[in-house]
Amino acid sequence: MKLTFLGTGTSQGIPVIGCDCEVCKSIDDRDKRLRCAALITKDDSTILIDSGPDIRQQLLRTGISALKKVLITHEHYDHTGGLDDLRPLGFKHHQGMDIYAQSYVHDIIKVKFDYAFTVQKYPGAPKFNLFTINPFEEFILDTIRVYPLAIQHGHLNILGFRFDDKLAYITDANGIPESTLHSIYKIDTLVINALHHQAHHSHFTLAKALSEIKKINPRQAYIIHMSHQMGFHQTIEEELPLNVRLAYDTLSIKV
């Protein structure tokens, strides 16, 4: 199984529009971060995690030509704003895009993209096939076992995902319930968010993410959903434990 990080930045992306901080002006490509999304591939299976406003650019640079299944962690714009941009893949293969999310997220998608759900659709409207998933209820997509994880994001109850008991993907968290911690304890590869270094109402700081990593005790861990206030990629990574790295856009890892 392979994980490709399509985007590793927070909701503003890096560089931030109008910002002249040193990170936003960095010439290191690892400091240029689009909004969070990832691809999981195994055998002939391909799954997209989240579809934010940068997804067109992200998928074009991967050269992907076939995709039907999308997992949505939660409804925020930086994770769903690009769903409409997936329609060329649906048109190409004469099928709709399968969207897996919690039922309340589907309700919000129906409002945001109401033109995709009307009885009389205009020519060219996307087709979304909505499938409801719930925390701790495992299901299979092609050859990949997917186990949704309960995650706290401020006042929202969102999803993370465990794949084939080898990889856990968590974004936008500021709390991980004990039941989730237990289900991913000593997992091979953990992906987890850390916004920056100062306390935030709905995201882990780097110190808190490192504390959660220590609890989970994975073989290796990658940090995502970082803001420009995190600092330079090279500087921060040199300060991390040996089994923890900062992810960056286009990085691919085997699990």
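This is a predicted model: local features need pLDDT of at least 70, side-chain atom pairs count only at pLDDT 80 or more; totals for chains, interfaces and linings use all residues.

Colleague: So, in which loop does His 225 lie?

Modeller: His 225 lies in the loop between E12 and helix H7 (233–237). Helices (H or I, at least four residues) and strands (E, at least two) are DSSP runs, numbered from the N terminus. Residues are numbered from 1 along each chain as its sequence is written, and side-chain values use heavy atoms, with hydrogens and water left out.

Colleague: Good to know. Is His 225 buried or exposed?

Modeller: His 225 counts as buried, because its relative accessibility is 1%. Buried means under 20% relative accessible area, exposed over 50%, and partly exposed in between (1.4 Å probe, protein chains only).

Colleague: And what is the phi of His 225?

Modeller: It's near 55°, a positive value in a residue other than glycine. Asp 165 also has a positive phi, near 60°. Asp 165 sits in the loop between E9 and strand E10 (167–169), and at 39% relative accessibility it counts as partly exposed.

Colleague: OK, switching to the sheet. In what order do the seven strands come?

Modeller: They go E7-E8-E9-E10-E11-E12-E13 in an open sheet with mixed pairing. Two strands pair if DSSP finds at least two bridges between them.

Colleague: Which strands stand at the edges?

Modeller: Strand E7 (139–141) and strand E13 (244–246). Each has a single partner strand, so one side of each is left without a neighbour in the sheet.

Colleague: How do E7 and E8 run?

Modeller: Antiparallel, with three bridges joining them. Phe 139 stands opposite Val 146 in E8. The two strands form a hairpin with two residues between them, and Asp 142 in the turn has a positive phi of about 55°.

Colleague: What about E8 and E9, how many bridges there?

Modeller: Eight, and the pairing of E8 with strand E9 (residues 156–163) is antiparallel. Tyr 147 has Arg 162 in E9 as its bridge partner. Their hairpin has two residues between the strands, and Gly 154 takes a positive phi near 60° there. Strand E8 (residues 144–153) is mostly covered, with eight of its ten residues buried.

Colleague: And which way do E11 and E12 run?

Modeller: Parallel: five bridges join strand E11 (residues 189–193) to strand E12 (residues 220–224). For example, Ile 192 is partnered by Ile 223 in E12.

Colleague: Last one, which residues of helix H4 are buried?

Modeller: In H4 (residues 103–112), they are Val 105, His 106 and Ile 109. They cover an arc of only 100° around the axis, which puts them on the same side of H4. That arc is the one spanned by the directions from the helix axis to the C-beta atoms.
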